[in-house]
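Thanks for asking me to look this one over. My notes follow as numbered points, to be read next to the structure itself.

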Protein chains: 2
Amino acid sequence: MSGYVVEPWRLRWSGLAVGELRRTESTFALSNGHIGLRGTLDEGEPRGLPGTYLNGFYEEHPLPYGEAGYGYPEAGQTVVNVTDGKIIRLLVEDEPLDMRYGRAVEHERVLDFRTGTLRRRTEWVSPTGKRVVVRSERLVSFTQRAVAAVRYEVEVAEDTQLVVQSDLLANEPVERGESDPRVAVALEDPLVADFAFAEKNRAVLVHHARKSGLRMAAAMDHEIEVDDGMRTGVHVEDHLARFTAAVDMKAGQTLRLTKYLGYGWSGQRSVPALRAQVEAALAGGLQTGWEGLLEEQRRFLDDFWDVADIHVDGDEGLQQAVRFALFHIIQAGARGESRAIPGKGLTGPGYDGHAFWDTETFVLPVLTYTVPEAARDALRWRHSTLHKAKERAEVLGLRGAAFPWRSINGAECSAYWPAGTAAMHVSGDVAYATAQYVDATDDREFERESGVELLVETARLWLSLGHHDQHGGFRVDGVTGPDEYSAIVDNNVYTNLIAQRNLRAAIAACERHPEVAERLAVDVEEVADWRDAAEHVVLPFDELLGVHQQSEDFTEHAEWDFGATPPEKYPLLLHYPYFGLYRAQVVKQADLVLAMHLRGDAFTPEQKARNFAYYEARTVRDSSLSASTQAVLAAEVGHLDLAYDYLAEAAFTDLHDLHDNVHNGLHMASLAGAWNGVVAGFGGMRDHDGHVTFAPRLPPALNRLAFRMFVRGTRLSVEIGRESVTYRIVSGGPFRTKHHGEPIVVEAGKDLTVPIPPVPHRDAPRQPHGRRPAHRGTD
Amino acid sequence: MSGYVVEPWRLRWSGLAVGELRRTESTFALSNGHIGLRGTLDEGEPRGLPGTYLNGFYEEHPLPYGEAGYGYPEAGQTVVNVTDGKIIRLLVEDEPLDMRYGRAVEHERVLDFRTGTLRRRTEWVSPTGKRVVVRSERLVSFTQRAVAAVRYEVEVAEDTQLVVQSDLLANEPVERGESDPRVAVALEDPLVADFAFAEKNRAVLVHHARKSGLRMAAAMDHEIEVDDGMRTGVHVEDHLARFTAAVDMKAGQTLRLTKYLGYGWSGQRSVPALRAQVEAALAGGLQTGWEGLLEEQRRFLDDFWDVADIHVDGDEGLQQAVRFALFHIIQAGARGESRAIPGKGLTGPGYDGHAFWDTETFVLPVLTYTVPEAARDALRWRHSTLHKAKERAEVLGLRGAAFPWRSINGAECSAYWPAGTAAMHVSGDVAYATAQYVDATDDREFERESGVELLVETARLWLSLGHHDQHGGFRVDGVTGPDEYSAIVDNNVYTNLIAQRNLRAAIAACERHPEVAERLAVDVEEVADWRDAAEHVVLPFDELLGVHQQSEDFTEHAEWDFGATPPEKYPLLLHYPYFGLYRAQVVKQADLVLAMHLRGDAFTPEQKARNFAYYEARTVRDSSLSASTQAVLAAEVGHLDLAYDYLAEAAFTDLHDLHDNVHNGLHMASLAGAWNGVVAGFGGMRDHDGHVTFAPRLPPALNRLAFRMFVRGTRLSVEIGRESVTYRIVSGGPFRTKHHGEPIVVEAGKDLTVPIPPVPHRDAPRQPHGRRPAHRGTD
């Protein structure tokens, strides 16, 4: 019997289940946003997919085209599995500890959301009958971003000789990915040895990636505690450094090894400089020591949970899933520091390690309202790539900045432009996140240094992308919206509304920072053009059906034959050609519905209800980005049970492996979707134009739902009960907001409890045949 | 001084011009539709791009994708340069005849449209002062399709030793193509040796292509005439067979070598069978002998010119260009026999040797009205690939037959689906050509055996592609029309009108052949569906502008900034991304204008004039397919000078190398466009629903323009003068037709002369900045 155990603050897996290793290595991954360690066993094997990642460290490869075209990106980027420092092998009387042999009396792994560590306890009897208990704990430090550490203990039941080998291993052989186009292109032996050194308990390996030329270093040092009779040695080769300790153990004794790891990379620094950098990191880690690192880790997470925790009363599984989600979001975002937050974080090689618009649209709201400095750093990464986005715009014959569909270093890597480069909303999403962050923090320094420029250059993109029709409407033609089952469409409502927000935010930012606007050569004519375009964006509406068209003529297209589409044909993109998908009313993921969330101010309540029902019947959720947005809108229009089911789907995407690809890493946007589903869904939180408002409702399945937010220096707590909601200032305040449209003021020290208005009755919407979300009650 | 000399019945080039070799090898190519020999010099070097092609013989290669998708073709096909049998090398006293050395006193090549041969005469003085005159004549037999032959003569001015080496050479090294995506993918050493044999004057080489497995054989035999003192030998290796003759020549003597070549290929036959096949071809050729082959060739072409010739009085250059065009069309189509007619014929490796819709839409009308059995054979090729087209439709989730965008063997080879697979009009074009052929010939046998099935399966495609809108209109969404600067559009007018014609032709064919319809399981319900869909196809029209929209919302798109597009940025696809092109009102090639030609019955004269002017201002002619269609419509709406300029552009596309790529082969569709420009343009010939009608007008530049056609067994001559037109029955008759809308009957033996009505005055249309066609007067 193995599987996840439901606990509020931990993810626990009991038993081995070799076949499940690859996906649990993702869920048990540790990261601080800079270093990522997949949750492989200490001893290296058995394993699913080993992975050690450094944010921003990638290898380049040519992008092939059967028929090339002007402006197609020529180079792809792929995250590299760098030197693996997690490995600690154990020989018990010459028998390697390998859980496929001998007998595991007990085995469990625990990811602890409060200590920020991965613990493992294994009681193992070797094929020759020797019994050992192995306990390990692993951390990637939130406070010392270049440092990871492992505490490894072996207890013997009888007199036994143990040999411990602690490795740094470069160019681990990794199995090739599947033929699924979404799975990362595998690269073989990407690392070229530059330098290797070992002395006493310490070793350093420096490598560079063959084509990208990026250089990385990994170092390890060890503390070892044992009573006596120990022999140690260290050995180094090009791709391997190994610290070995041989110990004759007495019954009941414990060997304790603490391994400190230092990682670093650079596109410019020399071998000696990189070596110095990782040795310095190691020195810092050793100075702090294992207990110190643990304590810092705990303190960091206490602070995080204090502002970010969501309390779910009435559904223990969902409680765990939501905390698991928040833990992985903070792991991905905490210390990215001027690097992207990839779609999979640093938990696996999926999507080649690329960052997408998901980060701005789904992940950054969570960070903005909980750990705003992490959101700021992620936006600074975008700002640092602005020159590449401007070059890209130029190649495309446009002005301003065209941010890439997918990238590690900021250069476009998409080899299929109709679903990549054409998705111009990416630039609007970056602008949206920028304005949202600035509104939520009043961070004028960031705005001055980076924000205005991000908004201005993206605003310029829209003006060069769009044009006026004969009636003065501002059209944006030939682009691709969020829904990847449509492409190259005119007047995608989401895109046009995101552009509108972008243009207005640029105008406001330029008004606040006239000196920056002047430096960027923004004049009154340009601002007038922005204002006019924003005012007149075309939003296609089908008068006959009374619904918005996802994009022009969408509602004229043929219906997809859902009745003739059996479950095994999903996801559709693996079984039907784009040709067929693009021309039908089948929606991969929330598109118009996402517009109704992020730009809810542009729709009437009646439009929202009608649109939601219309698109609900045509949305198949083949993307993990969809369920959380559907949860948000379902809650808004009054389908609370459905919203709850969608929230659960988002929250359990990875724990239940709903898309059957968790082995390649976690879905950061779905994990963030758990927060969105709670806070924007049942909390009804909206922040249109910087005004944070709420419209909370409790789903029938729960007793209570509570969340916290950090807005402009104020920490606010919102507790949703059956009949009423209690707003409370945790620190700062007072806080002006709206509750279901009514203005309220929350004063420090005074809980404000207000009743929840009744849910409007609406007929339950229908989903495509077979695509109803699982009902959480039956889960 | 070198270049083409204007002559009515020949293409002559005087002088060497090494830099021009590659493109003149295309214009001087010989072919019978089965074998193609580029016009390389006998001695092999200097050379541009050697090429010997067998129609349908290709090599396979994987199609790469940076991001793959369901239903993308996995294998590409590329025409192979097969064993070269053209080579005859000459040593003059140990000095190889190489025109880059020594001195060419005189050198000329002549392609003779009536003898169907390529003649060469070179007077050369070797570096050591030996003077020889080389005369050669080469043919690819129209009457013996597996046979080619070369007559090679050397005359010496003084006593000289000559050595002649006559080769069969496989796997000639060929230079790689450019990075232009349209240029063929080069393949290295594609041929694997299966068998080699030589004896006396004869040799055979058998090879197969490495990946496609197709097998080919080439054989040669020789007759040699010389007074005395000759030594001959033959030698063979895996990739080379060589017949050598060494002769001590006396002053004034002539050595005469006749080389007979036999070629064959098969996907199934064994090595001995293929060897037997080419040896049999050789035996036939030898039996007929050189003079016999020449005589057969001449007879074949006399027949062709008798029915196909176009007489242009008043423009000698155009006269030559039009005959050159017709000669290459008959070369490409004469003996294809159940193989495709590639976009380049067999004149070069461009487009990888693939056939496109151009064949049906541009080339087949010429053949249908001149050599109908060649059109029939080309349609039979399509029919022979019907199973592949049906499989393709199934992969795409459609019914019926989806013919490929580009192919050699009938399987889709397009690696960029938005401009390939999405161009569903291809299937309608096949149907159009089928109906046109049947209407023009009353060939009921073909109709029964192949025609009905072609029409029914393509009709089925439309019904599965289209659907009804809320008002009963029949929409075809998400397809790509002829214009490759738009893609994935709704209701492309051309496509929808071609579909309408397809559906109506299928209904008519099923009525004529109820037993075939029954075998194909066509019932009355299906026919009713076809009738309804045909009746209600949606044809988007912009009421404000009073013009048809090329596809839905086209006229809402932004205008292209032609003023800011300098000449060196054409063709646009090499300098701007598809992303930018697709979203603007910029047209690569006639699309709506082509619809107005092929489906002129669906437009009023006023609509034609307005539409023509509108699209004329937005069409850049980056495709060689465009000018001839613009000529046809310009003539119809009354812009005779403009029509003449477009006719000249089409006719001179290859002779003037207007697209700078003749080195990769000739443009069959442009060559056919010369015929279309004359017959459909100035002749005003239309054949809507099988009724052949005329509306002739003479362009001011000419004195007289005459053409002939073959319709349902009748040969008709049409002579257009300044004031009147004379219709005459050459054989058969009487012939009922219309002259400018008025019914007339042309009786055998009675010339019918009727006046030409005056040209309606219309303002001259404008072209995009810098894209006016060259004025023929200033040429």
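1. Chain A and chain B touch through 44 residues from chain A and 44 residues from chain B, where a contact is a pair of residues whose C-beta atoms, placed from the backbone, lie within 7 Å. On the side of chain A, helix 12 (residues 578-582) gives the most, with 4 residues. That side of chain A divides into 23 nonpolar, 12 polar and 9 charged residues (Ala, Val, Leu, Ile, Met, Phe, Trp, Tyr, Cys and Pro count as nonpolar, Asp, Glu, Lys and Arg as charged, and the others, Gly among them, as polar). Helices (H or I, at least four residues) and strands (E, at least two) are DSSP runs numbered from the N terminus.

2. Please keep in mind that this is a predicted model, in which local features need pLDDT of at least 70 and side-chain atom pairs count only at pLDDT 80 or more, while totals for chains, interfaces and linings use all residues. Residues are numbered from 1 along each chain as its sequence is written, with chains lettered from A and ligands numbered from 1 in the order in which they are written.

3. Chain A is divided into domain 1 (3-307) and domain 2 (309-709 + 761-778), with bounds that come from an automatic or database domain assignment. The centres of the two domains, taken over C-alpha atoms, are separated by 34 Å. Domain 1 puts 46 residues into the contact and domain 2 puts in 49. Elements giving two or more residues to the domain 1 side include strand 1 (3-6), helix 1 (21-27) and helix 2 (271-308). This side of domain 1 has 23 nonpolar, 16 polar and 7 charged residues.

4. In chain A, 10 strands form an open antiparallel sheet in the order 1-2-10-11-12-13-20-17-16-15; two strands pair if DSSP finds at least two bridges between them. Strand 1 and strand 15 (191-199) are the edge strands. Strand 1 is joined to strand 2 (residues 10-14) by 4 bridges, and Y4(A) stands opposite W13(A).

5. E484(A) lies in the loop between strand 23 (474-475) and helix 9 (493-512) of chain A. E484(A) counts as buried because it has 22 C-beta neighbours inside 10 Å (buried means 20 or more other C-beta atoms within 10 Å, exposed 12 or fewer, and partly exposed in between). Leaving aside neighbours within four places in sequence, E484(A) is in contact with A419(A), K588(A), Q589(A) and S623(A).

Definitions and conventions:
Two residues are in contact if their C-beta atoms, placed from the backbone, lie within 7 Å.
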